[in-house]
Amino acid sequence: MKEIIVIGGGPAGLMASITAAEGGGRVMILEKNSEAGRKILSTGNGRCNFTNRHMDACCYNTDDRKRMMAVIDAFGNEALIDFFRDLGVMTTERDGWCYPASLSAESIQLALISRAERLGVKIKGGKTVRGIRKKTNRFLVDTDGYSYESDAVILSTGGLASPGSGSSGDGFSFLSELGVGLIDPSPALVPLVTEDSFLKKASGVRVDAGLTLLIEGKEAGSSYGNLQITDFGISGIPVFQLSSKAVRALDQGKDVEIAVDLLPEIEESAIYEYMQMAAESLKETDMTWLLVSGFFPRKLAKALMGKSMTIGEWDGRPPRTRGIVLRIKGSKGFGSAQTTSGGVPFSELSCDLSIKGIPGLFVCGEIVDVDGICGGYNLQWAFSSGHAAGKGVL
């Protein structure tokens with residue numbers, strides 16, 4: 001019976017362990033936290049959006065979309081939904097976003113742990129791995145005070161995002177020491193920091209908006225949703241969807257901007273006509289922001305209208321709501337990121353997610369150079385890649 005050590009008991013590591021154990025392997029998980037699956041509990045705001053009915057390569061950033069999709073297609077969204085149903089976890093959906101029917105991430109965590117334990121997987125919590133060594137055809141995995149030996153190792157330590165969950169980039173260090181080439185990790189699904197802008201005067205406001213990512217002045221992506229204006233810049237799901245490309249471009253020294261459309265569904269002529277009518281009934285007041293208070297919260301309306309003046313002095317021009325260009329100068333970093341961009345490129349991997357030139361060493365999950373947009377795509381990758389590594393290790 002093949003002895004397998006899985007380093008990291010997150011979603012990818014648990015799925016890899018289950019798959020390998022189902023195939024007859026003797027599996028042990030070494031998990032840094034006291035319990036496995038801890039990071040799952042924070043996904044989807046605690047509701048665990050674990051996959052999406054719409055699965056497409058364009059929903060991911062990676063160095064090789066074709067090979068990435070081959071991994072996902074081998075254990076895709078329907079297979080994952082069926083997998084959890086067989087474990088007693090039913091699914092509910094919202095616009096294709098799939099959650100456990102309980103709307104509790106704990107349902108996913110407990111189902112995975114229970115299945116692994118029933119298969120005989122040994123889960124050792126509180127085990128910080130210090131290094132991986134190759135000994136002839138075996139591996140030695142060093143922890144504080146003890147070395148575990150195995151025929152194969154699956155590395156599923158996660159990336160650098162959400163360090164409070166235990167992610168500290170250990171896996172990248174292990175691989176670098178073994179001579180594996182990496183794409184420098186950067187934060188993804190992360191708020192973005194902008195240069196000074198009048199919009200910062202509306203810090204704390206949330207508003208539906210359309211965003212367009214501009215890299216070196218050329219459109220590189222777009223998104224729509226609830227934008228959060230902050231004192232440092234911008235946040236919210238539409239920002240997260242563009243953040244990976246934005247941060248990677250910044251790392252390459254490129255100019256990055258985001259153009260904001262605050263009223264994408266309303267014609268500018270309609271805004272003008274509304275303000276003209278409002279001006280007639282409000283001409284005795286100096287609160288010019290009232291002219292757009294029908295469209296925006298007070299704080300944003302004031303920021304858009306600029307300095308105070310009487311409505312009688314208003315020049316008749318509507319405020320700029322389209323093409324508000326914000327220059328991006330950074331992100332809020334890994335501490336505020338939901339996942340990691342970069343990591344092990346597919347050029348370093350065989351089709352079964354083993355490291356080329358190091359037989360028996362596999363990787364899966366966030367440590368691979370794959371990051372998805374919001375909507376369950378990152379957990380789908382974690383489970384698909386864990387399944388692939390769990391099969392490949394046998």
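This is a predicted model: local features need pLDDT of at least 70, side-chain atom pairs count only at pLDDT 80 or more; totals for chains, interfaces and linings use all residues.
Residues are numbered from 1 along each chain as its sequence is written, and side-chain values use heavy atoms, with hydrogens and water left out.

Let's start with the whole chain. The protein chain has 9 helices and 21 strands; these are DSSP runs, with helices (H or I) of at least four residues and strands (E) of at least two, numbered from the N terminus. Its C-alpha atoms fill a box of roughly 85 × 45 × 35 Å along the principal axes. Of the 394 residues, 54% are buried, meaning under 20% relative accessible area with a 1.4 Å probe, protein chains only.

The largest nonpolar core has 44 residues, and I258, V260, L262, F296 and L300 have the most contacts inside it. Such a core is a set of buried Ala, Val, Leu, Ile, Met, Phe, Trp, Tyr and Cys residues joined through side-chain atoms within 4.5 Å. Elements giving two or more residues to this core include β17 (256-261) and α8 (298-305). A second, separate core of 38 residues includes I29, F84, I154 and F362.

Finally, look at the open sheet of 3 strands, ordered β3-β6-β5 with antiparallel pairing; strands pair if DSSP finds at least two bridges between them. β3 (51-52) and β5 (91-94) are at the edges with a single partner strand each, so one side of each lacks a neighbour in the sheet. N52 stands opposite W97 in β6.

Note on methods. Buried means under 20% relative accessible area, exposed over 50%, partly exposed in between (1.4 Å probe, protein chains only).
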